[in-house]
Amino acid sequence: MIRRLAERGALAALALTLSGLAGWAAEENDYPTDARVDYVFGCMAANGQTRESLQKCSCSLDQLAAILPYDKYVQASTILSMRQGIGNRANEFKSTKIFDDKVADLRRAQAEAEIRCYHG
């Protein structure tokens with residue numbers, strides 16, 4: 001009887017550990033596949049269509065994703081896209097501190113990813 005309780009306790013502990021790991025993995029990998037592919041394609045277009053470029057660009061995205069949650073990446077990317085426009089709407093995105101801070105977070109994460117993947 002005691003052995004059976006111990007086995008159940010061990011199984012419960014294992015289940016809790018695995019569920020915690022699954023949650024951690026989901027948090028670490030919250031970038032959807034299409035966003036990952038789009039990032040790597042854009043990176044390779046800028047850095048060459050080689051196997052080495054593929055590896056460095058993939059590394060860069062993995063590092064970026066580890067630093068910056070996907071929702072913050074989307075926000076900063078949207079701000080950068082809106083800043084490309086002209087007129088009052090684009091000017092609002094160019095001259096607002098909160099938007100500057102979001103873009104700065106993205107730029108810092110990109111710089112860290114570049115150091116880790118291109119110069120490491």
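Student: How does glutamine 110 count at 23% relative accessibility, buried, exposed or partly exposed?

Tutor: Buried means under 20% relative accessible area and exposed means over 50%, with partly exposed in between (1.4 Å probe, protein chains only). At 23%, glutamine 110 therefore falls into the partly exposed class. Before going further, note that this is a predicted model, in which local features need pLDDT of at least 70 and side-chain atom pairs count only at pLDDT 80 or more, whereas totals for chains, interfaces and linings use all residues. Residues are numbered from 1 along each chain as its sequence is written, and side-chain values use heavy atoms, with hydrogens and water left out.

Student: Where is the place of glutamine 110, and how far apart in space are glutamine 110 and leucine 68?

Tutor: Helices (H or I, at least four residues) and strands (E, at least two) are DSSP runs numbered from the N terminus, and glutamine 110 sits in helix 6. Although 42 residues separate glutamine 110 from leucine 68 in sequence, their C-alpha atoms are 9.3 Å apart in space.

Student: How many helices and strands does the chain have, and what percentage of its residues count as buried?

Tutor: There are six helices and zero strands in the chain, and the order of elements from the N terminus on is α-α-α-α-α-α. Of its 120 residues, 22% count as buried. With contact meaning heavy atoms within 4.5 Å, residues 24 or more positions apart supply 58% of the chain's contacts that have a separation of 6 or more.

Student: How many disulfides does the structure hold, and how should I read them?

Tutor: A disulfide is a covalent bond between the sulfur atoms of two cysteines, and the criterion used here is a pair of cysteine sulfur atoms within 2.5 Å. The structure holds two of them. One is formed by cysteine 43 and cysteine 57, whose sulfur atoms are 2.1 Å apart. This pair links distant parts of the chain, since cysteine 43 lies in helix 2 (residues 33-47) and cysteine 57 in helix 3 (residues 51-67), 14 residues apart. The torsion about the S-S bond of cysteine 43 and cysteine 57 is about -75°, so this disulfide is left-handed. Both cysteine 43 and cysteine 57 are buried.

Student: Which cysteines form the other disulfide, and why is that disulfide left-handed?

Tutor: Cysteine 59 and cysteine 117 are bonded, with their sulfur atoms 2.0 Å apart, and because the torsion about their S-S bond is about -75°, the disulfide is left-handed. As cysteine 59 lies in helix 3 and cysteine 117 in helix 6 (residues 97-118), the pair ties together parts that are 58 residues apart in sequence. Cysteine 59 is partly exposed, with a relative accessible area of 24%, whereas cysteine 117 is buried at 11%. When the bonded cysteines are numbered in sequence order, the pairing reads 1-2, 3-4.

Student: At what angle do helix 3 and helix 6 pack, and which residues make the contact?

Tutor: Axes are lines fitted to C-alpha atoms, for helices over the stretch in contact, and angles run from 0 to 180 degrees between N-to-C directions. Angles under 35 degrees count as roughly parallel, over 145 as roughly antiparallel, 65 to 115 as roughly perpendicular and the rest as oblique. Helix 3 and helix 6 pack at about 135°, with their axes 8 Å apart, and are therefore oblique to each other. The contact is made by Lys56, Cys57, Cys59, Ser60, Gln63, Leu64 and Ile67 of helix 3 and by Leu106, Ala109, Gln110, Glu112, Ala113, Arg116, Cys117 and Tyr118 of helix 6.

Student: How do helix 2 and helix 3 pack, and how does helix 4 pack with helix 6?

Tutor: Helix 2 and helix 3 pack at an angle of about 130°, with their axes 9 Å apart, and they are therefore oblique to each other. The residues of helix 2 that meet helix 3 include Tyr39, Val40, Cys43 and Met44, and those of helix 3 that meet helix 2 include Leu54, Cys57 and Leu61. Helix 4 (residues 70-83) packs with helix 6 at about 115°, the axes lying 9 Å apart, and these two helices are therefore roughly perpendicular to each other.
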